[in-house]
Amino acid sequence: MKNTKQQLLIQQTDKKLAAFKPLTSNVIPAKGWINAVRTSLKMSLRQLGCRLKISAQSVKEIENREANGTITLNALTDAANALDLKLVYGFVAKSGSLEQMIEERAKEIATEIVMRTNITMTLEDQQNSKERIEQAIAQKTTEIKFDMPKYLWD
């Protein structure tokens, strides 16, 4: 990447995201974390409701929203505080890192560009060898990664 500031930002963000990587194997309880922690502490809906200053029925609704995936971060934070916990929130790159995401996307685009050119050349009976195509894809991938063009994520 030609922009060292952008490169530094990617590296710093990758480092922050790496802390969450070990958590990807954790299984979310079927009824959600609020219910799991509350029942582990033998805390009733009423008791948690008192801590949150809401009714027991509202606590049950919060637990249901968490289990359904419709809860807000604010509600999770409030529940965590009421349970004397801290909500931790983050992302994990599916491909391992932001650097790898950029690499993979750049290679996809490079492959499209090179193959489009290759089709034209084949039609003109000027087909390239497999090695030359792979070399062109690698070269274009490097170029796209370096430039980080706006179309990278289109």
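Buried residues are those under 20% relative accessible area and exposed residues those over 50%, with partly exposed in between (1.4 Å probe, protein chains only). The model is predicted, so local features need pLDDT of at least 70 and side-chain atom pairs count only at pLDDT 80 or more, while totals for chains, interfaces and linings use all residues. Residues are numbered from 1 along each chain as its sequence is written, and side-chain values use heavy atoms, with hydrogens and water left out.

View 1. Helices here are DSSP runs (H or I, at least four residues), as strands are (E, at least two), numbered from the N terminus. Helix α1 covers residues 4–18, and its end C-alpha atoms are 21 Å apart, which agrees with the 21 Å that its 15 residues should span at 1.5 Å a residue; the expected span is 1.5 Å times one less than the number of residues. Q7, I10, D14 and L17 are the buried residues of α1. Seen down the axis of α1, these buried residues fall within an arc of 95 degrees and therefore line one face of the helix, the arc being that of the directions from the helix axis to the C-beta atoms. T4, K5, K15 and K16, on the other side of α1, are exposed.

**View 2. The aromatic pair Y89 and F91.** One aromatic pair is found in a search of the whole structure. The ring centres of Y89 and F91 lie 5.9 Å apart with their planes at 65 degrees, so the pair is edge-to-face (rings of Phe, Tyr and Trp, its six-membered ring, pair if their centres lie within 6.5 Å; planes under 30 degrees apart count as stacked, over 60 as edge-to-face and the rest as tilted). Y89 counts as exposed at 51% relative accessibility, and F91 counts as exposed at 56%.

**View 3. The largest pocket.** A pocket is, on a 1 Å grid over the protein atoms alone, an open set of points where a 1.4 Å probe fits, with protein on both sides within 12 Å along at least five of seven lines; lining residues have an atom within 4 Å of a point. The largest pocket has a volume of about 920 Å³ (the space filled by probe spheres set on the points, which are joined across faces, edges and corners). Its lining comprises 27 residues, of which I28, W33, L76, L87 and V88 lie nearest the centre. Two or more lining residues come from each of α2 (33–40), α4 (56–68) and α5 (73–82), and the largest share, four residues, is that of α5.
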